[in-house]
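My entries follow in the order in which I made them.

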Amino acid sequence: MKKILALIFSLSVLLCQAFAKSAVYQGDDYCITLDYNDSACPGDAIFVKMKFTQGTKKTKVDFSQAKAELELSVEGKTARTSPFFSTTKNAKNSKTMLAGIPLSSWWTENTKTGVKVLYSIQNQTKEFELPFKLRHKEFVTETIELDENNTSIKTDTSVKRMEQIQKLNAILGESRAEGFWTSEKFIQPVKCERRTSFFADRRTFKYTTGNSSTSLHYGIDYGVPEKTEVAACAGGKVVLAETRVTTGWSVVIEHVPGLYSLYYHMSELKVKEGDMVKQGQVIGLSGSTGLATGPHLHWEVRLNSEAVNPDFFTADYAFNTVENHN
């Protein structure tokens, strides 16, 4: 069964890789070049890179004050917005900005979506729409029977656990302009292709008390032996490194404003809060701490607080290589 699921997963990744499109607006005062993915699967994201450059007029345009926002509508109503952040230090003669919005895992290819870019420059506000559609994706459904210890963890309503949840949510809810460290495409955190659970699995937990609950699996589980080296999927800043009731020894890394990677259930940490890490740097060793039925690594990615498919970011999600935009 696991081999069949792995085959389905591999095919799903191929089908759901983002298709990059380019668009250009040529005006007299300035030019806008856009790169974006015009389709994605539920649970992925839409990213738009927008670059302002000088137009054909001799009059210079100061792009330092240019601002923009990405807007996603669902069934004709604005559902989510995200501000663009600058990826360039000197933004006087040109400016490159990036924005991303998560796509709910509960949506389907029949969900009617629309994408709009709103920007202001030279005391003028303008907007334009981008073609976008959701594609079909199948998700795994599974039932997990918990032992007494994991039942206790899952149903824990202690002050300590609630405070840990609030602390993590506060971190993941931050989208700091100064939090742009790298937009490089991600690598897998372990040298292992065996996945024991997939992103957005529909889970039913059965407790020893006879009760049950349902939820989504927010990341990818790798079935690796205890003390397997865990690497940072991309460069960034460690914003959390501690032990938690549910997730055990955990690390959270900020990569770009609003985009974080999370690593759970480790047996040992190799970094501390505030550390700057490079892609591939060992940040800890895998384990089975917290709510775990065995040794593994849980790898999760959050965008604007929402869990998104980590595999989406192993492609050139920020459109850093122009040759891949055809």
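I take helices (H or I, at least four residues) and strands (E, at least two) as DSSP runs, numbered from the N terminus. The model is a predicted one, in which local features need pLDDT of at least 70 and side-chain atom pairs count only at pLDDT 80 or more, while totals for chains, interfaces and linings use all residues. Residues are numbered from 1 along each chain as its sequence is written, and side-chain values use heavy atoms, with hydrogens and water left out.

**Entry 1: S197**

I found S197 in strand β13. Is S197 buried or exposed? S197 is buried, at a relative accessible area of 5% (buried means under 20%, exposed over 50%, partly exposed in between, with a 1.4 Å probe and protein chains only). I then listed its contacts (heavy atoms within 4.5 Å), leaving aside neighbours within four places in sequence: E142, R203, H217, I220 and D221. With R203 there is a polar contact, side chain to side chain, at 2.8 Å. A polar contact is a pair of N or O atoms within 3.5 Å; within protein, one must be able to donate a hydrogen and the other to accept it, and residues adjacent in sequence count only if both atoms are side-chain atoms.

**Entry 2: V271**

I went on to V271, in the loop between β20 and β21 (276-277). V271 is buried too, with a relative accessible area of 9%. V271 and A241 lie 30 residues apart in sequence, yet 7.1 Å apart in space, C-alpha to C-alpha.

**Entry 3: the cores**

A nonpolar core is a set of buried Ala, Val, Leu, Ile, Met, Phe, Trp, Tyr and Cys residues joined through side-chain atoms within 4.5 Å. I noted 40 residues in the largest one, where F47, F186, V251, Y263, I283, F313 and Y317 have the most contacts inside it. Elements that each supply at least two residues of this core include β4 (45-54) and β19 (248-256). A second, separate core has 29 residues, among them I46, A68, L70 and I121. I also checked V251: beyond four places in sequence, its contacts include V238, L240, A241, Y263, V271 and I283.
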